[in-house]
2 protein chains.
Amino acid sequence: MGKSESVFEHADALERGLLDIGRASTASGVSIKMIRHYEAIGLLTNVARTHANYRVYSDTDVHTLRFIKRARTLGFSMHDIRDLLALWQNKSRPSASVKKVAAGHMDELKKKIAGMQSMLTTLQHLTHNCHGDQRPDCPILDDLGGPA
Amino acid sequence: MGKSESVFEHADALERGLLDIGRASTASGVSIKMIRHYEAIGLLTNVARTHANYRVYSDTDVHTLRFIKRARTLGFSMHDIRDLLALWQNKSRPSASVKKVAAGHMDELKKKIAGMQSMLTTLQHLTHNCHGDQRPDCPILDDLGGPA
DNA sequence: GCTAAAGTCTGCCACCATTGGAGGGTCAAG
DNA sequence: CTTGACCCTCCAATGGTGGCAGACTTTAGC
């Protein structure tokens, strides 16, 4: 059973050290838009509300937001982050599970980097041979329109 | 003034060396879905139709589709491809214009590669120190949930 | 206490490139 | 004439994020 949601007056909440969404955004570095989005997709649950229906965030919530932000910075997908959050909140997780998620993401990164590096290398060859002046002949277009 | 669209019977069109969308897809390597999409966004214009409203493709159309596919393979955005197609079809373009588009894309690629490489390096450090066994302590989660 | 500004709420649209499906029409072979 | 393979159009979804509109609340100044 999750902890139940609470209802506060706005001023009361701030006195108790809770944050409205603007302050939570500043404190976590996550945009207001994305904070609401993360709640909508279930990454952040049981967010309290004031009587006026304003969202109210605890330190734990802000901590979770910073976790998500850091994970996004490292390129994890929302799907991975969902898993990582569950592992983070489960204090008896095996570290192997975490490492597995990270390893999967690293494989993805390596593939993407290799793909882009391959594009880049090809483009470097093509542009190396392109005059880049007023003349119309151009090995880049020759390649794109080529018979391959 | 673009060349006007023509209307054929399906069998007639095939006899004249024209292709229906399925054959154009096979010949170009572009999916049927994407062929229609490229037409919808204006990359492929003046596509002929049969009486039954089936699309009919000329060799030139298929050549254009292969151009687009090759450009996508090299990671160009649809926006860039629009420009590249116009340059390709303009036989008096300056090669400098083509090179400029390519250079811009290469800069994008370099930035993305650098970003991903940075993520990867960080993850390699973190996973290097993670036991990856049944124990719960994990430097990956420590980093994500850390005070930074 | 009144007003104006700033903050928040929900909901919808846009991006990029691609894929999928529904529901219907058409062509060719048996 | 039926069957199956093809084609048509239209709509929706993906993943993350930003933007705007219209309505409400809170706060600050007077």
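Reader: How much area do chain B and chain A bury between them?

Author: This is a predicted model, and in it 52 residues of chain B are in contact with 52 residues of chain A. Carbon and sulfur atoms carry 72% of the area that the two chains bury between them. On the side of chain B, B:Met116, B:Leu141 and B:Leu144 lose the most area to chain A, together 15% of what that side buries. The area buried between chain B and chain A is about 4400 Å².

Reader: Which helix gives the most to the side of chain B that touches chain A?

Author: Among the elements of chain B that each supply at least two residues of this side are helix H4 (59-73), helix H5 (78-89), helix H6 (95-128) and helix H7 (139-144). The residues of the side of chain B that touches chain A divide into 26 nonpolar, 15 polar and 11 charged. The element that gives the most, with 20 residues, is H6(B).

Reader: How far apart are the closest N and O atoms of B:Asp143 and A:Arg70?

Author: Across the interface of chain B and chain A there are 20 residue pairs in polar contact, counting pairs with both residues at pLDDT 80 or more, and the rule for salt bridges finds two. That rule asks for a side-chain nitrogen of Lys or Arg within 4 Å of a carboxyl oxygen of Asp or Glu. B:Asp143 forms a salt bridge with A:Arg70, and the closest N and O atoms of this pair are apart by 2.7 Å.

Reader: What is the radius of gyration of chain A?

Author: Chain A holds seven helices and four strands, and from the N terminus on its elements run β-α-β-α-α-β-β-α-α-α-α. Along the principal axes, the C-alpha atoms of chain A fill a box of roughly 70 × 40 × 20 Å. A compact globule of 148 residues would have a radius of gyration near 15 Å, but the value for chain A is 24 Å.

Reader: Which residue has a side-chain N or O atom 2.5 Å from a base oxygen of DNA strand C?

Author: There are 21 residues around DNA strand C, and those that come nearest are A:Arg36, A:Tyr54, A:Arg55, B:Lys33 and B:Met78. Sugar and phosphate account for 70% of the atoms of DNA strand C that come within 4 Å of the protein, yet bases are also approached, as a base nitrogen is 2.5 Å from an N or O atom in the side chain of A:Tyr54. For the base oxygen, the residue with a side-chain N or O atom at 2.5 Å is B:Lys33.

Reader: Which element gives the most to the surface near DNA strand C?

Author: The residues of this surface divide into eight nonpolar, six polar and seven charged. The element that gives the most to the surface near DNA strand C, with four residues, is H3(B).

Conventions. Residues numbered from 1 in each chain as written. Chains lettered and ligands numbered in written order. Heavy atoms only, no water. Contact = heavy atoms within 4.5 Å. Buried area = accessible area lost by both parts, 1.4 Å probe. Polar contact = N/O pair within 3.5 Å; in protein donor to acceptor, adjacent residues only side chain to side chain. Nonpolar A, V, L, I, M, F, W, Y, C, P; charged D, E, K, R; others polar. Near = heavy atom within 4 Å. Rg over C-alpha atoms; globule rule 2.2 N^0.38 Å.
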